[in-house]
Number of protein chains: 2
Amino acid sequence: MPKLYPQGEAAAAAGKAAFEALLGQPFALDLPGVTGQAGEEISPYTQAPLGITYPQADPDRLFAAARAAIPGWAGAGIDTRLNLLMEGLDRLYREHLFTLVHAVMHTAGQSYNMAYAGSGVNALDRGIEALVYAEQAMRAVAPQARWQRRFGPDEIALDKTYRLVPRGVAVCFTCASFPTWNAWPSMLASLATGNAVIVKPHPASVLPMAITVRVFRALLAEQGFDPDLVTLCLDTLVAPLGKVLIKHEDCAIVDFTGSARFGQWVEANAHPALAFTETSGCNTVVLAGAEDLDAAIRSLATTMCMFSAQMCTSPQNVYLPPWIDTPEGPVARDEVAARLAAAIARLTEDPRRAAMILATVQGAGTLALIEAMRREGQARGRVLLDSRPYAHPDFPDARTATPLLVSLGKEARDLYAEERFGPIGFVIACDSAEDALEQATRDAREQGGITGFLYARDEGFIARAEAAYARAGAQLTINLTGAMPLNFAAAYSDYHVTGLNGAGNAALTTLAFVASRFAVTQSRRPVRDANA
Amino acid sequence: MPKLYPQGEAAAAAGKAAFEALLGQPFALDLPGVTGQAGEEISPYTQAPLGITYPQADPDRLFAAARAAIPGWAGAGIDTRLNLLMEGLDRLYREHLFTLVHAVMHTAGQSYNMAYAGSGVNALDRGIEALVYAEQAMRAVAPQARWQRRFGPDEIALDKTYRLVPRGVAVCFTCASFPTWNAWPSMLASLATGNAVIVKPHPASVLPMAITVRVFRALLAEQGFDPDLVTLCLDTLVAPLGKVLIKHEDCAIVDFTGSARFGQWVEANAHPALAFTETSGCNTVVLAGAEDLDAAIRSLATTMCMFSAQMCTSPQNVYLPPWIDTPEGPVARDEVAARLAAAIARLTEDPRRAAMILATVQGAGTLALIEAMRREGQARGRVLLDSRPYAHPDFPDARTATPLLVSLGKEARDLYAEERFGPIGFVIACDSAEDALEQATRDAREQGGITGFLYARDEGFIARAEAAYARAGAQLTINLTGAMPLNFAAAYSDYHVTGLNGAGNAALTTLAFVASRFAVTQSRRPVRDANA
């Protein structure tokens, strides 16, 4: 919580002032090969341009500079790299956290608290976690070994020396609605293992990563390393550079967070670069029963509202059997659906509370999608709860929308079985609890689910659901109620994305996320001093 | 050594008899979806067909059977899988080693001793090594965790459970000249992490892998697992099935050992399957100086002769400065080249000794390549040592060829800067030691070198060479003389292939070789007994 930050009030005020001082200015960032300035960020809170411009650099020059910077960094050794990167995260925390909070708010549209927690401290935790895995993978390679064996008449003794050699230049794509959470661990995984990183932010959310890049560049230079290990490649909505970067002959690693469509292109076309992707989540809820149905519905409603469901982990589809099992007896599906709609309505009726939980809508396209889904819902099912703008108490021009909740039958799978990014939820009528589980896990598996949520009372059913979600490759949360957001993912104990379905091919964080970012080379020679 | 095997003489005789009993027969192997029988192996020792036929199975049926077999295997747990796979390797060692020796000799064409050591015990070691890495990667994931955190008014306590989920069905391609050495670790890496494996042997070297598949199938069935976890997909030279297997919708992992050309296709086209490749080696030697020039030349000559240089680690290109530095003063390049040719000639003049070291030539195409390289060598350089058949003392019809050694200038790079598979070596005239190092490491980097070999007296030059070979991605052996083959790669301390150049994208064995063969899924739920 922001209030627990050391001298939090002063830090918060200073961060806000620092953010405001950036507005309407060219952002001071030295980069190699600058060819111009650009910037088209629009605050979802004011719907006005931030007016910040950033240097645009020539991709060839960025790659060349990054390549030139690698040898010194790769040669610096594991401890030096890890210490420097920890210091970088520490600086982001100590010196820039509240600036980043406002940068995230006014680009991604998150609430103050989420920008602090989700895009701030939790994302820093994810960065540290990536360093831990990188260290494990690198330390698994002994720096040297003495080896001895008899070959015929000769006792051969060799000293073997191992080097960790980075892959090369990594390109880290960051997304519009959650710019730091995936980016920091990806960047740090590449840097820790000796690579250079070109950050390619979504043009709508540049500032958080521009600040990050500036912090790391300054730190690298200060410590005697080439700052071009970390650069920024800005593109614009009309002239995207993503494919140019990925197909560049010097691109060795791609980390991508963003749309499923481009993510699939990345996975298929990144070769020979390694690709680590996280795209979208068709996230499912099976509500078969609950010990405390009200608590379950409250948790579900809250999580479906949080940041207007603009997280890749937000639940979207609620699969309901005809009757939901409770200690007080079965409750009819329509009643449960109505109670869910009512709970969402209650959470969002007070604008101050709505502002805390819904925050704003990042992109204007989401409003059009809500409109389209409303029309489809009316035509093919029933709108249980309509979406409307709410009046943000602090930002009268904020782009806002309360959730749309639509009731559908299974035949409308073309409508619900993909991520509909934004405050859009579906209640899907299933034949039974088993059918709900089957539909939900099939949609997760085939359409790419990151998270799954289950409420049930029957332990046998729960066990089957755990197995089915494991096969579907979605991370399952069972019977959780209370104040924790259902989709909260903790560093060090929650794996984000499995790689088993279309929602992405990489997890934050496993050994597989780091182990292939470097290679091992060796040299060996006869032991020179046999007594050593 | 075979003589150290327990009751080695009896075992050797029994293995030979077992091999001979297989000849001219259908190989007894139950497989799902058998559609016919085929077999076109020809012994390089007799140049006569082995006359063994194997069941050919429909790929769709193999994939379906493999998929169906996975859940029971994946659910069995790490210890069960590892114990069973260790038992499988143990059976290969205790019950089938000498049968495999003859199977390797009469398909790959290796000598008895190499088939025993390189394709037998050392390959088994590589298999165990893969199991060790698989265990490390899997144990890095805790099976469960209890997690606690305050969210506003609520102290949330969750039990989190993690599952290792295999990717699916792996296809393991094995090569003609070294069928077990890459195959066993690849198979075991996939199986240990819960996947099924379809083995796709080169049609010229089926028997070693058919024996392997039969051993593992019997063991799996005996232990209550579905034997279809390990199957064989036989194709023929005129009707290859490689691309069909790789592009099959159920193909999740490809391990490939074979030609650079098909390997590159695999790397580019395996997606969405993971690809682990080892193709060919343009392997380089820089001979700048030596404390004992005779010893260096002897080692080099021996290793260039070994198995007629039909190993992906065999040195091919010897880069020489005008003068080679020795304690007795500089020795002229032409003299060193002549001494190398003489050393090779000496090693191969006695047919009994030639048989031990050169063994046979696996494929008839290699003889045509020698012929072509001789012509090119005569036209563009100088033939230092011509290739000729030698009379194998035990197999009068053996396909044999002593090494061809050609002297070239740097301008003939199109000739020497790629793997010329077989007993073909080049001596390349360079401007200086530094130039030799630059040429050699450039060829390794650009054309894909697996190994590099250096002889030098200047420690500064050696240090630069270590760095240059690390950048080139080839494993370097420095100043090694004596009875150890220069390209001997020991399990547990020698990494085979770096993944940094075109010789392949994967190393035997690193965490990266195993860590992505499984994913982590999780489920979490509130702690049910707060006192637990």
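This briefing covers a chain interface, a helix pair and one serine. The model is predicted: local features need pLDDT of at least 70, side-chain atom pairs count only at pLDDT 80 or more, and totals for chains, interfaces and linings use all residues. Residues are numbered from 1 along each chain as its sequence is written, chains are lettered from A in the order in which they are written, and side-chain values use heavy atoms, without hydrogens and water.

**Interface of chains A and B**
- 63 residues of chain A are in contact with 63 residues of chain B (contact: heavy atoms within 4.5 Å).
- The buried area is about 5200 Å², and carbon and sulfur atoms give 57% of that (buried area: accessible area, 1.4 Å probe, that two parts lose on being put together, summed over both).
- A:Q522, A:R524 and A:R525 supply 13% of the area that chain A buries against chain B, more than any other three residues.

**Helix pair in chain B**
- Helix α4 (residues 112-139) and helix α5 (residues 183-192) of chain B pack at about 25 degrees, axes 8 Å apart (helices: DSSP runs of H or I, at least four residues, numbered from the N terminus; axes: lines fitted to C-alpha atoms over the stretch in contact, with angles from 0 to 180 degrees between N-to-C directions).
- That makes α4(B) roughly parallel to α5(B) (angles under 35 degrees).
- Residues in the contact include B:G120, B:A123 and B:G127 of α4(B), and B:W184 and B:L188 of α5(B).

**A:S190**
- A:S190 is found in helix α5 (residues 183-192) of chain A.
- A:S190 is buried, at 0% relative accessible area (buried: under 20%, 1.4 Å probe, protein chains only).
- Beyond its neighbours within four places in sequence, A:S190 is in contact with residues including A:D255 and A:R517.

Methods:
Helices (H or I, at least four residues) and strands (E, at least two) are DSSP runs, numbered from the N terminus. Buried means under 20% relative accessible area, exposed over 50%, partly exposed in between (1.4 Å probe, protein chains only). Angles under 35 degrees count as roughly parallel, over 145 as roughly antiparallel, 65 to 115 as roughly perpendicular and the rest as oblique.
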